[in-house]
Structure formats: structure tokens, C-alpha cells
Amino acid sequence: MTQKVAVLGTGKIGEALLSGMLRGGWPPADLLVTARRADRAEELRTRYGVTPVTNAEAAKTADTLILTVKPQDMGTLLDELAPHVPAGRLVISGAAGITTAFIEDRLTSGVPVVRVMTNTPALVDEAMSVISAGSHASEADLAHTEEIFGAVGKTLRVPESQQDACTALSGSGPAYFFYLVEAMTDAGILLGLPRDKAHDLIVQSAIGAATMLRDSGEHPVKLRENVTSPAGTTINAIRELENHGVRAALIAALEAARDRSRELASGTKD
């Protein structure tokens, strides 16, 4: 943890990563940040004791650069960084759809690049971060990336060819669960419950179900069957979910998210 790490474009995910690293033992003096607005940079300095710098200064002085800008802004950022990034600088990209080749082609030859897709539970140290090596990234580069993102949750290495699928499942995944909780809360209100009670019932059920999935080692089908009594309430609800094509809709939604990730890599903005 003696290397300097710079988080470029420090939004919500970048800030979550920054705070996680500090909790994990990184000295504030070794963490640099960049932000589009001066007031945002000063806010990060005040809150965390880190040093705001320009993108060019970060590229010149940090040992590791973590790029957390939006995919549509990546090309502009790389153009700004390119004159200042030496061959040995580790570059970690957290932008959906942006390939390591896209970044390598715009920086000095031989720069190690690692692609990471994390998700918003980084804000509560429960992120799932999926890591892929570029053509010049070493085992040490991957291990360093795991150390950084391990501060805010779990990490998993995959071939880069699987990144778009992981973005659809994990990167966007929390939104699907929030959507489901929203719909179930509305159903609870329709069934006569106050909103706050419906919300508490659903959230705790979700936490309990997720913990069972993580800790029991059982297949989700088995866990569902354990709740589904013959001719009971649950099987009637499952029948309605199947009748309305919920499973097929989920598959289609994930395919759409994967396809959009691929479009972002090609530069499509709309």
C-alpha cells in the first residue's frame, strides 16, 4: 500500500472505492483524485483528506490510474492522459463496454490495462467486481487490482470476452432487484399493507434469501421448492409469474443490457 493510486472522475462509484480503500488501510497521502468540478474536488479533500489533482498530474505521478468516467467520456479522457502515461503505469478501467484494446490503442505501447466492472453495492462494501486482464497486464497487476476492489466487496476474474455478460448480470444487477422490491412494495400496498411495513417485510426477506443463497450451498431451485408447498400460496404465485412470462422477460432484459454494453464499446451514444 505504498504506491500512489489516483481515482479519475470521482463520482459515486469512484468515491465508494476511495472510501473503501481508506478503510482498508491506504494512507490518504497515497490517494489522488480528479473531478470535473473544483467544488467536488474540494469536497473530496475535506471529507477524506486526499489530494485533488488534474488528470495530467495524476497520470504523471500516480503508480495506478483508476478511470471511473462514463463510457462516452473515455475517449476524451484518454486523449488527455496519453502524453503523460509512461509504459509501466497500471491503468484500471471501470467503464461499461470499454475494452482493454480501446484503451491500449490510445496510450503508450505496453501500458498494462485491467478492465473492471463493479456495481453500486460498493457503497456498502458488498460490491461484485469482475476483473479482466488486457494484453500487457501481469499477474501482479491483477493481484493489485483485486487488492483495491477487494476493499469494497468480492472480486472475480473472467476472460474479457465475458465482460459484457457480467455487466448485464452484475453491473446492472442491483437495479433489477430494486425494481423487483419496488413492484412487490406496490403489491403489498394493493393487498392492504402500509408502505413502510411492506417495504420492511420485503427488504428483510430479500436479505434472508440472499444469505441463504450465499451460505447454504443449495441450488436456487431447491431453496424455492423448500418454500413451495403442494396447493399452497407460493405455487399459486409462481404459476402467475410463469403465466406472465417473468422468466422470459428477465432473460430478454439481460440480453438487452449485454447488447448495450457492446454498443458502448463501439461508440454508440444514443
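Student: How do you know which residues and atoms count here?

Tutor: Residues are numbered from 1 along each chain as its sequence is written. The model is predicted, so local features need pLDDT of at least 70 and side-chain atom pairs count only at pLDDT 80 or more, while totals for chains, interfaces and linings use all residues, and side-chain values use heavy atoms, with hydrogens and water left out.

Student: Okay, how many helices and strands does the protein chain have?

Tutor: Twelve helices and eight strands. The C-alpha atoms fill a box of roughly 65 × 35 × 35 Å, taken along the principal axes.

Student: Let's zoom in. Why is threonine 100 called buried?

Tutor: Set the value against the cut-offs: buried means under 20% relative accessible area, exposed over 50%, and partly exposed in between, with a 1.4 Å probe and protein chains only. Threonine 100 has 4%, so it's buried. This residue lies in helix H5, residues 100–104.

Student: What does threonine 100 touch?

Tutor: Leaving out residues up to four places away in sequence, threonine 100 touches Val113, Val114, Arg115, Ser132, Ala133, Gly134 and Glu160. A contact means heavy atoms within 4.5 Å.

Student: And asparagine 55, why is that one called buried?

Tutor: Its relative accessible area is 16%, which falls under the cut-off, so asparagine 55 is buried too. Asparagine 55 sits in helix H3, residues 55–61, and touches Leu8, Thr34, Leu77, Glu80 and Leu81, again not counting residues up to four places away in sequence. An unreviewed UniProt entry places a "binding site" feature at Asn55. UniProt positions are given in the numbering used here, feature names are shortened, and annotations may be inferred rather than shown by experiment.

Student: Is glycine 11 buried, partly exposed or exposed?

Tutor: Partly exposed, because its relative accessible area is 30%. Glycine 11 is in the loop between strand E1 (5–8) and helix H1 (12–23).

Student: Where are the buried residues in H1, and what covers them?

Tutor: Gly14, Glu15, Ala16, Leu17, Leu18, Ser19, Gly20 and Met21 are buried in H1. Their cover includes E1, strand E2 (31–34), helix H2 (38–48), strand E4 (64–67) and helix H6 (139–149).

Student: Which residue in the loop between helix H10 and helix H11 can we look at?

Tutor: Alanine 231 is in that loop, between H10 (220–227) and H11 (233–243). Alanine 231 also has a positive phi, about 60°, although it is not a glycine.

Student: Why is alanine 231 called exposed?

Tutor: Because its relative accessible area is 76%, and that is over the exposed cut-off.

Student: What domains does UniProt list?

Tutor: Its unreviewed entry lists "domain: Pyrroline-5-carboxylate reductase catalytic N-terminal" at residues 4–97, a span that's 40% helix and 19% strand. The entry also lists "domain: Pyrroline-5-carboxylate reductase dimerisation" at residues 160–264, and that stretch is 83% helix and 0% strand.

Student: Back to the whole chain: how much of it is buried?

Tutor: Buried residues make up 38% of the 270 residues. Among contacts between residues at least 6 apart in sequence, 63% join residues at least 24 apart.

Conventions: Helices (H or I, at least four residues) and strands (E, at least two) are DSSP runs, numbered from the N terminus.
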